[in-house]
Amino acid sequence: TKSALGAWQTSAGISPSAGFFGPISRAKINGAIPTSTTVFTNATTTAITNTTNGSPTRLKIPKLNIDAGFQYAGLKSDGSMEIPSNVVDVGWFTGSPRPGENGVSIITGHVAQIRGGVLTKPGVFSNLSKLSAGDRLYIQNDKGETITFVVRETRNYDPAADATDVFTSKDTGAHLNI
């Protein structure tokens with residue numbers, strides 16, 4: 001079964017073709033069904049009345065040439081958030097709303113892979129600092145919907161700094177914090 005699924009993933013253009021049926025494979029199969037609704041939101045001010053119930057499957061940021069699959073992240077036993085197991089995928093914190101739902105949806109990812117103090121591979125977010133207000137990014141979900149977000153602001157945090165404000169918002173709109 002694993003090798004057959006891997007062969008199908010390769011033929012469907014899914015990479016990596018690991019032979020496991022996850023959100024990327026599910027999205028590819030759901031994409032073959034000709035039903036699609038697009039929900040657009042400006043994450044800075046627009047409250048959404050038509051929210052999606054789908055889990056995220058792809059993050060696309062054209063300005064940075066990012067087209068990444070999702071892993072689903074929870075909390076580790078020490079209370080910290082899990083991160084993706086590789087440098088090419090992004091992670092959706094499942095303790096946050098799905099992208100497009102009201103509240104703050106949290107996405108995480110690697111900036112780089114470092115081995116022995118040496119950069120060996122850039123991560124999916126290696127150029128994230130190049131985003132600026134007004135740039136657009138897109139989340140596709142397992143229902144075939146695309147949710148559009150507009151960058152409102154960018155901030156950099158020291159790894160040791162308190163960044164708990166990433167998990168909150170001052171309004172009831174739909175927000176995406178990366």
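Author: Let us begin with one residue of this predicted model: at 32% relative accessibility, Tyr72 counts as partly exposed, because that value falls in between the limits of 20% for buried and 50% for exposed.

Reader: What makes Trp92 count as buried?

Author: The relative accessibility of Trp92 is 5%, and buried means under 20%, so Trp92 counts as buried.

Reader: How many aromatic pairs does the structure hold?

Author: The structure holds one aromatic pair, formed by the rings of Tyr72 and Trp92, whose centres are 5.6 Å apart, and rings count as a pair if their centres lie within 6.5 Å.

Reader: Why is the pair of Tyr72 and Trp92 called edge-to-face?

Author: The planes of the two rings stand at 85 degrees, and planes over 60 degrees apart count as edge-to-face, so the pair of Tyr72 and Trp92 is given that name. The pair also links distant parts of the chain, since Tyr72 belongs to strand β3 and Trp92 to strand β4, 20 residues apart.

Reader: What lines the largest pocket, and which residues lie nearest its centre?

Author: The lining consists of 44 residues, and Arg155, Tyr157, Val166, Asn177 and Ile178 lie nearest the centre of the largest pocket, which holds about 1600 Å³ of space. Strand β5 gives the largest share of the lining, five residues, while β9 and β10 are also among the elements that give two or more.

Reader: How do the residues of that lining divide?

Author: The lining of the largest pocket divides into 22 nonpolar, 14 polar and eight charged residues.

Key
Residues numbered from 1 in each chain as written. Predicted model: local features only at pLDDT ≥ 70, side-chain atom pairs only at ≥ 80, totals over all residues. Heavy atoms only, no water. 1 Å grid on protein atoms, 1.4 Å probe; cavity = no way out; pocket = protein on both sides within 12 Å on 5 of 7 lines; lining within 4 Å. Points joined across faces, edges and corners; volume = space filled by probe spheres on them. Helix = DSSP H or I, 4+ residues; strand = E, 2+ residues; numbered from the N terminus. Nonpolar A, V, L, I, M, F, W, Y, C, P; charged D, E, K, R; others polar. Phe/Tyr/Trp six-rings, centres within 6.5 Å; stacked < 30°, edge-to-face > 60°. Buried < 20%, exposed > 50% of the residue type's maximum accessible area, 1.4 Å probe, protein only.
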